[in-house]
Every structure is written in C-alpha cells, then in structure tokens.
Amino acid sequence: MPQKTIELYDLGHASYQPIWDLQKSVQQRLIDEKRAEQKGEFQGERLDDVFLFVEHPHVYTLGKSGSEEHMLRSMMELQQLEAEFIKIDRGGDITYHGPGQIVGYPILDLDRHFTDVHKYLRFLEEVMIRVCADYGFEAGRIEGATGVWVDEAKICAMGIRCSRWVTMHGFALNVNTDLRYFNNIVPCGIDDKSVTSLQQLSGKEIDPEEVKERIVFHFEDVFEVSITNKGSLQEVEQIIS
C-alpha cells in the first residue's frame, strides 16, 4: 500500500480571517471530491491532504463551546493592544495566536487514515510531546484537557473541527511567544494553570524554522505519512481557484 502524502504550505505571516476562509475552502474541496468519487462521478486525481503553517498577528479566537467571559479585556482595550477577537467554528474555548507562535492547520481526510477524532487529537499531542523532547523538555498530557503541557503550564493548545471526517484548525505551539498576551484571557477556559514557551523554558530564542522541521519529522512518523513541501500562500490559493 503506497504511503499517504500530505502537501505542506508555509504561509508565513498572515491575518487570521483570510486563512480561516482558506482552510474552509480546502476542506470543502476535499469533501466535494470525496463525495463525487463515492458516487462514481469524479474524474482524475483527488487533492492530497494539506498541512498549513502560519504565524498570525495578535488575535484571540473563541471556540463554539467557549465562554465570552473568558475574554478579560474590552474591545477598546483590544484595539489598543492591536489585537483582534474572532468567534470561530472549532471546538474548545478561547486562545491566543500571535508572533513567535507556530500555528499548524492539518486539513486531513481521516477516511484516508483512521476515523477517530480522539485518536487524531492524541496523535497531534504526541507530535508536540516529541518536539518538546527534542529541546530537552518532558511534555505530556493532563487528563480531561486537550493540548500539551510541561508540568502545569500549557505549551501547545489544540482545537479542531471535523466535517465528513475532514479536519481543519489544529494546534498552536508557543515557541518565542510573548506570553503576556495570555494575561488578557482565561486560556482555554482553565484558570488554575499557566502557559509557557520553548523560549521561556530554554532561556533563549528558538529558531522557528528548525521547530517546523521537527514538527514535520515527527508528524510523518506518528501519522505514517510523507509530507511534501509545495510552497507558500500563492501556491495553495491556486489549488482552490
């Protein structure tokens, strides 16, 4: 059986809303092609799964199961911080994205892998646990709390949406993140734990490109896939145009 292939696109620095729209477009194409193939109406090769890397400007996103009370600042205060607040369609509560953070959006048709959302989240967590180990830190899980933790501090938040077994959204790994921005929220609705980053743990700035390489390496191993670098934002926009 041939190894499954995922196309990787590094989008660089990009605002949240356009990339959310992009994810939805890619997800819908994967769904449409799968349904057409199941009906015997699809000609040619289907789009491979897609993996997006991106670094967002300051933005707080609230999942559909979250509480607005976990945003501790007014809209005026957020404007002063040059930060956005966006309600989105993933699971989970409120989180922060910003400079120095690596955000990954795997848009996978789980029919190609395994149809188990909980297993998918555990696999994502395992990738991040291994990345942290590469930098000498023992990370792990906390029962009942999705994501990855070093001791009692969250280093990687996760939240996904799955439609017809095609995923979107994903993970946010704090690398060189300004952790003060988390003081404006109750991160993921959990008020008795803190957040951390690779930079804070190591006491030095971490090369984000190296971290991305480690993520890809471990993702390939954990998910048993081959990830091919296909370009940047312009290239991924071409596949849905």
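Which residues of α1 are buried?

A: This is a predicted model, in which local features need pLDDT of at least 70, side-chain atom pairs count only at pLDDT 80 or more, and totals for chains, interfaces and linings use all residues. Residues are numbered from 1 along each chain as its sequence is written, and side-chain values use heavy atoms, with hydrogens and water left out.

The buried residues of α1 are Y16, I19, W20, L22, Q23, V26, Q27, L30, I31, E33, K34 and A36; buried means under 20% relative accessible area, computed with a 1.4 Å probe and protein chains only. Helix α1 covers residues 16-38, 23 residues in total. From first C-alpha to last, α1 reaches 33 Å, close to the 33 Å expected at 1.5 Å a residue, where the expected span is 1.5 Å times one less than the number of residues. After α1 comes G40, with a positive phi near 75 degrees.

The protein as a whole contains six helices and 12 strands, taken as DSSP runs (helices H or I, at least four residues; strands E, at least two) and numbered from the N terminus. Of its 241 residues, 52% are buried. Among contacts (heavy atoms within 4.5 Å) with a separation of 6 or more, 78% join residues 24 or more positions apart. The C-alpha trace spans about 50 × 40 × 35 Å along its principal axes.

Terms used: Buried means under 20% relative accessible area, exposed over 50%, partly exposed in between (1.4 Å probe, protein chains only).
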